[in-house]
Amino acid sequence: MNTHPWIKKAVITAGVLNVIALLTIILALVNFTPLTLILSVSVGGALMGLAILIYIAVVITDLRKQGVL
Amino acid sequence: MNPFEESIKSAADGGLSFVAWIVLAVSLLCIVLIVAILAQDRDKIAEPFGKWALLIVFFVLSPVAYLLNFSVAIEDSKKVEFCNSCHVMHGYVNDLKDPDSEYLASQHYQYRWIAEDQCFTCHSDYGIFGNMKAKMTGIRHVWAYYSGYETPVELYGTYNNGICLRCHAPVLSFQEEVDHADNAAGILSNKMSCLGVDCHVRPHPEEAWKEQ
């Protein structure tokens with residue numbers, strides 16, 4: 001994977017978003033209420049989806065630079 | 001509290017289910033891996049281990065944790081205690097558990113005519129999309145709970161007889177009851193409610209919503 005600054009930033013952003021999403025899931029498991037349930041399923045899901053999209057962009061960029069794509 | 005009540009309470013408070021433990025373990029593993037790779041040494045992102053670890057975390061472990069959590073949430077949100085976590089439901093659930101109550105819902109709960117998930121069983125419409133519709137309505141309820149709602153709390157429409165009939169219709173004694181046989185068309189078409197002054201008693205106390 002290329003260590004270009006924007007790629008590093010993108011990976012870190014994706015990582016942080018994913019960690020927040022996972023924390024909402026843990027919160028719902030530990031303290032299961034209607035609010036934490038909605039939070040984990042909607043906000044958690046959206047953040048995780050965004051993190052995955054960012055990481056897909058990073059992987060595609062990396063593969064293109066390596067000439068695979 | 002008698003020993004039977006204690007045993008039921010301890011079973012209900014049994015903590016996380018096996019699947020929930022898996023979700024917790026996978027989530028923690030993901031967090032540890034992400035933090036270890038990103039926070040300790042940012043150059044590890046470019047190393048093969050960092051690449052593959054993040055790839056597995058983002059594309060396999062995290063989605064698995066999310067989907068398993070979703071299924072845990074679907075199951076756990078059927079429980080009576082979950083419904084009771086909103087203050088507006090306290091009056092209804094208290095009546096449900098009142099051994100002296102003669103309301104219909106309480107009778108079904110007290111005698112375990114419905115073994116578990118009593119609120120959900122009677123408030124999710126019969127049919128393939130019944131459960132999904134109930135969940136979507138539940139999301140609407142959560143929104144209303146925090147943004148404000150009108151009182152008294154009422155059903156969106158008339159109660160669907162089909163929910164009663166999915167258990168009662170196959171029972172021979174139900175079918176042979178004269179009032180049921182005479183009014184079958186009205187009951188089946190929902191033009192005549194099972195609940196009401198002329199037929200069966202109210203499911204819940206009329207002012208239950210006031211007890212919060």
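1. What percentage of the 69 residues of chain A count as buried? In this predicted model, the share of buried residues in chain A comes to 36%, while chain B, with its 212 residues, has 18% that count as buried.

2. Chain A has two helices and zero strands in its secondary structure. Its radius of gyration is 15 Å, well over the 11 Å that the globule rule gives for 69 residues, so chain A is more spread out than a compact globule. The box that its C-alpha atoms fill, taken along the principal axes, is roughly 50 × 20 × 15 Å. If we take the contacts in chain A with a separation of 6 or more, 57% of them are accounted for by residues 24 or more positions apart.

3. Chain B is likewise described by helices, with 12 of them and zero strands, and reading along the sequence gives the pattern α-α-α-α-α-α-α-α-α-α-α-α. For chain B the radius of gyration is 23 Å, whereas a compact globule of 212 residues would have one near 17 Å. The C-alpha trace of chain B spans about 80 × 40 × 40 Å along its principal axes. Among the contacts in chain B with a separation of 6 or more, residues 24 or more positions apart account for 63%.

4. The domain assignment divides chain B into domain 1 (3-76) and domain 2 (86-210). Taken over C-alpha atoms, the centres of these two domains of chain B are separated by 36 Å.

5. On confidence, the average pLDDT of chain B is 86, and 91% of the residues of that chain score at least 70. For the model, the scores are ipTM 0.90 and pTM 0.79.

6. The contact between the chains takes 28 residues from chain A and 30 residues from chain B. On the side of chain A that touches chain B, the elements giving two or more residues are α1 and α2 of chain A. Sorted by class, this side of chain A has 20 nonpolar, seven polar and one charged residues.

7. The largest nonpolar core holds 42 residues, and those that touch the most other members are A:Ala14, A:Ala21, A:Ile25, A:Ala51, A:Tyr55, B:Val23 and B:Ala65. Two or more residues each come from α1 (5-30) and α2 (34-65) of chain A, and also from α2 (18-40), α3 (48-76), α4 (80-83), α5 (90-96) and α6 (104-110) of chain B. With nine residues, α1(A) gives the largest share of this core. Because domain 1 (3-76) and domain 2 (86-210) of chain B both give residues to the core, it lies between them.

8. Which residues does A:Ala21 contact, leaving aside its neighbours within four places in sequence? The partners of A:Ala21 are A:Gly44, A:Leu47, A:Met48 and A:Ala51.

9. A:Leu22 belongs to helix α1 of chain A. Why does A:Leu22 count as buried? The reason is that A:Leu22 has 29 C-beta neighbours inside 10 Å, and a residue is buried if 20 or more other C-beta atoms lie within that distance of its own. Not counting residues up to four places away in sequence, A:Leu22 touches B:Ser27, B:Cys30, B:Ile31, B:Ser62 and B:Ala65. Within chain A, the C-alpha atoms of A:Leu22 and A:Met48 are separated by 8.0 Å, although the two are 26 residues apart along the chain.

Conventions
Residues numbered from 1 in each chain as written. Chains lettered and ligands numbered in written order. Predicted model: local features only at pLDDT ≥ 70, side-chain atom pairs only at ≥ 80, totals over all residues. Core = buried A, V, L, I, M, F, W, Y, C linked by C-beta atoms within 7 Å. Buried ≥ 20, exposed ≤ 12 C-beta atoms within 10 Å, placed from the backbone. Helix = DSSP H or I, 4+ residues; strand = E, 2+ residues; numbered from the N terminus. Domains from an automatic or database assignment. Contact = placed C-beta atoms within 7 Å. Nonpolar A, V, L, I, M, F, W, Y, C, P; charged D, E, K, R; others polar. Rg over C-alpha atoms; globule rule 2.2 N^0.38 Å. pLDDT = per-residue confidence, 0-100.
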